[in-house]
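Reader: I have a model open and would like to learn how to read it. Where should we begin?

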Amino acid sequence: ARTAAVIPAAGRGVRLGPGAPKALRALGGTPMLIHAVRAMAASRAVSLVVVVAPPDGATEVKGLLDAHPLPEGTDLLVVPGGETRQESVRRGLEVLPPGVYDVVLVHDAARPLVPVETVDAVIEAVRRGAPAVVPALPLADTVKQVEPAGVPGTPEPVVATPERSLLRAVQTPQGFDHDTLVRAHTTVTGEVTDDASMVERLGLSVVVVPGHEEAFKVTRPLDLVLAEAVLARRRH
Ligand code: C5P
């Protein structure tokens, strides 16, 4: 049973403010992408990491990865990404050698600090037979559903308040049976925000394992402040 990890890292990261593509921005002096790659390689089960680079940044990403070598026993591939996250993941899946990896993780470069325990828990649940596994946490905030396409600049009408105790905030790495994920990516169309939802659309079961606070997504400037603090605490 072999596991590969695909890391989509081709996003611009506009919500983080102006600058380099998000995955290439530094955290504790090291690019976020390098942290994410190391987080996957930290699992003894992961023997291949596929990095999906910004379409015009594959050479730069290869250079960065050469400068930060992985431990023995983890192979690395770099491919250029696409217009959407979905397209980027699909390109990563396409370069997996056929018949070798039965478990595939998909991990956002934007979650550089996920602990290895979370990675291993996801892999373990797939190995035990779940076609799709997502790490997730209960919500601190109450969530409201609003009217679609509210008038910009005016208050948005609320249409529902889903019961908070039944909601989970989903993280990555998400783990999949290889063939299931490939089928999802070749048959499901339309925009999605995570890979597991494509498997849900196939009518297959998706299960949740406990996520981790430190697996948060670096999206906005404040997230960078938090990520730096988490890193500093680890280095103590
Ligand atoms: O935009 P969002 O935060 O959902 O992006 C999640 C991950 O998907 C990031 O790691 C980003 O680099 C990646 N992505 C990608 N290709 C795109 C858009 C996003 O690989 N076209």
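Reader: What covers the buried residues of helix 2?

Author: The model is a predicted one. The cover over the buried residues of helix 2 includes strand 3 (30-31), helix 1 (32-41), strand 4 (46-53) and strand 5 (75-80).

Reader: Which residues of helix 2 are buried?

Author: In helix 2, residues 58-67, the buried ones are Val-61, Leu-64 and Leu-65. Viewed down the axis of helix 2, its buried residues fall within an arc of 95°, so they line one face of the helix. The general idea is that an α-helix has 3.6 residues a turn, so residues three or four places apart point the same way.

Reader: Which exposed residues does the face turned away from the buried side of helix 2 carry?

Author: That face carries Thr-59, Gly-63, Asp-66 and Ala-67, which are exposed.

Reader: Which residues touch the most other members of the largest nonpolar core?

Author: That core has 58 residues, and Val-6, Ile-7, Leu-33, Met-40, Val-49 and Val-51 touch the most other members. Helix 1 gives the most to this core, with eight residues. For Leu-33, leaving out residues up to four places away in sequence, the contacts are Ala-9, Ala-23, Leu-24, Val-51, Leu-64 and Ala-109. Among these contacts of Leu-33 is Leu-64, one of the buried residues of helix 2.

Reader: Which residues come nearest to the ligand?

Author: There are 18 residues around the ligand, and Pro-8, Ala-10, Gly-11, Ser-88 and Ala-109 come nearest. Sorted by class, the shell around the ligand has seven nonpolar, six polar and five charged residues. Ala-109 is also among the residues touched by Leu-33.

Reader: Is Ala-184 buried or exposed?

Author: Ala-184 is buried, because 26 other C-beta atoms lie within 10 Å, where the cut-off for buried is 20 or more. Ala-184 belongs to helix 5, residues 178-187. Not counting residues up to four places away in sequence, Ala-184 touches Met-198, Val-199 and Leu-202. Ala-184 and Glu-87 are 97 residues apart along the chain, and their C-alpha atoms are separated by 12 Å.

Reader: Why does Val-95 count as partly exposed?

Author: Val-95 counts as partly exposed because it has 14 C-beta neighbours inside 10 Å. Val-95 lies in the loop between helix 3 (85-94) and strand 6 (103-106). Leaving aside neighbours within four places in sequence, Val-95 is in contact with Val-50, Leu-77 and Val-79. The C-alpha atoms of Val-95 and Glu-163, 68 residues apart along the chain, are separated by 41 Å.

Reader: And Val-100, is that residue buried or exposed?

Author: Val-100 is exposed, with 11 other C-beta atoms within 10 Å. Val-100 lies in the loop between helix 3 and strand 6. Val-100 and Ala-1 are 99 residues apart in sequence and 8.3 Å apart in space, C-alpha to C-alpha.

Reader: Which peptide bond is cis?

Author: The general idea is that most peptide bonds are trans. The bond from Thr-172 to Pro-173 is cis, with omega near 10°. Pro-173 sits in the loop between strand 10 (168-170) and strand 11 (174-177).

Reader: What is the mean pLDDT of the protein?

Author: Where pLDDT is low, the predicted coordinates should not be read in detail. Here the mean pLDDT of the protein is 95, and 100% of its residues reach 70 or more. The model scores ipTM 0.96 and pTM 0.96.

How values were computed:
Residues are numbered from 1 along each chain as its sequence is written. This is a predicted model: local features need pLDDT of at least 70, side-chain atom pairs count only at pLDDT 80 or more; totals for chains, interfaces and linings use all residues. A residue is near a molecule or strand if its C-beta atom, placed from the backbone, lies within 6 Å of it. Ala, Val, Leu, Ile, Met, Phe, Trp, Tyr, Cys and Pro count as nonpolar, Asp, Glu, Lys and Arg as charged, and the others, Gly among them, as polar. A residue is buried if 20 or more other C-beta atoms lie within 10 Å of its own, exposed if 12 or fewer, and partly exposed in between; C-beta atoms are placed from the backbone. Helices (H or I, at least four residues) and strands (E, at least two) are DSSP runs, numbered from the N terminus. The arc is that of the directions from the helix axis to the C-beta atoms. Two residues are in contact if their C-beta atoms, placed from the backbone, lie within 7 Å. A nonpolar core is a set of buried Ala, Val, Leu, Ile, Met, Phe, Trp, Tyr and Cys residues joined through C-beta atoms within 7 Å. pLDDT is the predictor's confidence in each residue, from 0 to 100.
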